[in-house]
Amino acid sequence: QVLRRNSYPHRSFLAMCGPNTVKPSSAAFLGCSRRRSRDSMAAGAAPARLLVVGCGPAGLAAIRDLYQRFEITVVEPRDYFEYTPGVLRTLGDPDHLAQVQAPLDQALEGMNVELIKGRVTQMEEQYAVVTHIADGEHTLRVDFDYALITAGSVYHKNSWWKVSGRPGEEAQTTVTGRHDALGQLRHQLRGLERLG
């Protein structure tokens, strides 16, 4: 059951962090437990629990569209939202990073969602096991009625372009760590430029 299929209009990054953002482009509910029917939700029962795995553009848009109808838990390895296509410009213009990055707590402000900084390491029909990024050992069980997988893509052996939270990328899952890593890459590129 696909939620919606719309293309993202050309908007500034910060507009995506506002309360009226674009709709998800290709997010789909996956086969999950149907313990709470629409009738019970309408009758004043507790809202259904929605697990959102990944909080990139599709995840953020879906959360903005669904937060009033679901109790949402978000699992994301980073503590920031980053507009990936804008990263390349930050290598030549470090000040541009502020235009393509925002803390997740700011992007999710006012939506009453639970944010877990981690990775889903196991997915079952009615729950997921999440490993926290901070220590890589602490796990948590997250129960859900529905799950939305918006984890995005992974670039092979290239975490400078997009941080996905894979093992070895822990340092870049914070705003400061990402800023430092891009600064190191910028320095390397300037060194190559002098050689060329």
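Colleague: In what order do the six strands form the open sheet?

Modeller: This is a predicted model, where local features need pLDDT of at least 70, side-chain atom pairs count only at pLDDT 80 or more, and totals for chains, interfaces and linings use all residues. Residues are numbered from 1 along each chain as its sequence is written, and side-chain values use heavy atoms, leaving out hydrogens and water. Strands are DSSP runs of E, at least two residues, and helices are runs of H or I, at least four, numbered from the N terminus; two strands pair if DSSP finds at least two bridges between them. Here the order is β7-β6-β5-β2-β1-β8, with mixed pairing. β7 and β8 stand at the edges with a single partner strand each, so one side of each has no neighbour in the sheet.

Colleague: In which sense do β2 and β5 pair?

Modeller: Parallel, over four bridges. V74 stands opposite L115 in β5.

Colleague: And D145, is that buried or exposed?

Modeller: Buried means under 20% relative accessible area, exposed over 50%, and partly exposed in between (1.4 Å probe, protein chains only). D145 has 1%, so it's buried. You'll find D145 in the loop between β7 (139-143) and β8 (146-149).

Colleague: Which backbone nitrogen lies 2.8 Å from a polar atom of the D145 side chain?

Modeller: A polar contact is a pair of N or O atoms within 3.5 Å; within protein, one must be able to donate a hydrogen and the other to accept it, and residues adjacent in sequence count only if both atoms are side-chain atoms. For D145, the nitrogen belongs to R49.
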